[in-house]
Amino acid sequence: MKRLAIEKLLYWKNQKQRKPLLLDGARQVGKTWLAERLFGGKHFQAVHKADFLAEPRLMRIFDNGLQSTQVIANLEISLNSKINLDSDLILFDEVGECQQAVNSLKYFAEDMPQAYICATGSNIGLLGSFPVGKVEFLELFPMCFEEFVMASGKHLLHEAFQERHHGQVVHNELWSLLLDYYFIGGMPEAVHAWFSQDDSPLERSDAVTKIHRSLIAGYQQDFGKYDSKQNAGHIEAVFRNVPRQLARVMDDSVQRYVFKDVITNKRRYQELRGPINWLEQAKLISKCYQIDCRPSAPLTTLAKENIFKLFLFDIGLLGYMLNMSYAEQRRQAASFKGFIAENFVQNELRTQVSYPTFSWAKARGEIEFLYKCQGGEIIPVEVKSGSRSRARSLRTYVDRYSPKNTVKLIGTAGNEPDAGPDYVWPLYYAQYLSKL
């Protein structure tokens, strides 16, 4: 499987001098595989990996201090492998398990800017200390829809996706893959299980469900590791509540997150702020801030800290946590498709366009997303999961604020990609908002 992030990794590699690169993201999104196999294995003569979770003994490479030359010498002895700083990749895997490894990145940045130092980690945002300004960050998320199309092996369809074809044949193929993606999601292990087997859809869906179950169990174990920083039970309560609140809507917009009844005897944002922020820092949920006035740049100045929607980081795990079967996702029953589509667009925007995201709500009018385009214009983005493209809220927004452009993301083929000012695109082209 290919990942679009490889282009950013290559850009980092091709700089004459570079800071250490930190590949951050939730557990099991493919950070190690990307760094070691896809990037290191194909673009370096050798990869020297220190996995601080699997081999705690390797933490001793810092026993003589954090001086870069000494760390490299100790690593060579520990791995029994000579390191060529001009051609080899040094990979600190699960760097969050070793605070000294995190601290050493500062000295590599200052003393060895020619070296290729890459670190991967989960829950980086939860670390106690970090060498600010001494590393380059790259966030990795579950596979986006374009990467899912790439994984399908349908190369010509991927070319059509990149060119934003709008014909019915292309739409039928992409829409079918999107419905599969709704069930499978973008976790690499689940995607691999789906496309690497020749079994029936039922057998493959069973395999994906088992993977989803294992992933959720792993995240729950992570909550327990951080009990001293935040009550693990509260973190899990919020995590499980996000899908439930999303599923409360029918075919309408997702509503702002309600704090009441999530945790016993807690009703206000300040009482849930800790677990919500923990989950966001762990990259397991994301916020979409809701604005109730005339949108203007910068949108962050209009957002209120305690008024937002919460979405799950992977669309497949969202369906699993709601016990939605493959057949239900393929049917796209009206009671499900609205919030599924909106969570899908949220994830596409976060991974491919920009974050944080914003929405608009006033009286009975709601716009799922607001996007500030390259020219500074703020564009309302309406999400309609089915073929129905009439958007009363969008009309209300237009009458009130007269934007130059609007976008509707719908469940049909839509119009020409460049047919503005009122763009109508199929849902799966959400990432191309970045081109406006």
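Helices (at least four residues) and strands (at least two) are DSSP runs, numbered from the N terminus. Keep that in mind as we walk through this model, which is a predicted one.

Let's start with the largest pocket. Its volume comes to about 620 Å³, and 26 residues line it. If you want to find its centre on screen, look for Arg27, Gln28, Val29, Gly30 and Lys31, the lining residues that lie nearest to it. Which elements build the lining? Helix H2 (31–43), strand E4 (116–121), helix H8 (188–195) and helix H9 (201–225) each put in at least two residues. H9 is the top contributor, with seven.

Now move along to strand E10, residues 378–383. Is this strand enclosed or open? Six of its six residues are buried, so E10 is largely enclosed by the rest of the structure. In a regular strand, side chains alternate between the two faces of the sheet.

What does E10 pair with? One partner is strand E9 (residues 365–372), which runs antiparallel to E10 and is joined to it by four bridges. Zoom in on Tyr371 and you'll find its bridge partner in E10, Ile379. E9 and E10 form a hairpin with five residues between the strands, and in this hairpin Gly376 takes a positive phi near 95°. Another partner is strand E11 (residues 406–410), and this time the pairing is parallel, over three bridges. Here Val383 stands opposite Leu409 in E11.

The largest nonpolar core has 117 residues, and the ones that touch the most other members are Phe145 and Tyr257. Helix H7 (residues 168–184) gives the most to this core, with ten residues. So what does Phe145 contact, once we set aside its neighbours within four places in sequence? The list is Phe161, Leu174, Leu177, Leu178, Tyr181, Phe344, Glu348 and Tyr428. Apart from this core lies another one, made of 24 residues, including Ala50, Val71, Leu75 and Leu105.

How values were computed
Residues are numbered from 1 along each chain as its sequence is written. This is a predicted model: local features need pLDDT of at least 70, side-chain atom pairs count only at pLDDT 80 or more; totals for chains, interfaces and linings use all residues. Side-chain values use heavy atoms; hydrogens and water are left out. On a 1 Å grid over the protein atoms alone, a cavity is a set of points where a 1.4 Å probe fits but cannot get out, and a pocket is an open set with protein on both sides within 12 Å along at least five of seven lines; lining residues have an atom within 4 Å of a point. Grid points are joined across faces, edges and corners, and a volume is the space filled by probe spheres set on the points. Buried means under 20% relative accessible area, exposed over 50%, partly exposed in between (1.4 Å probe, protein chains only). Two strands pair if DSSP finds at least two bridges between them. A nonpolar core is a set of buried Ala, Val, Leu, Ile, Met, Phe, Trp, Tyr and Cys residues joined through side-chain atoms within 4.5 Å. Contact means heavy atoms within 4.5 Å.
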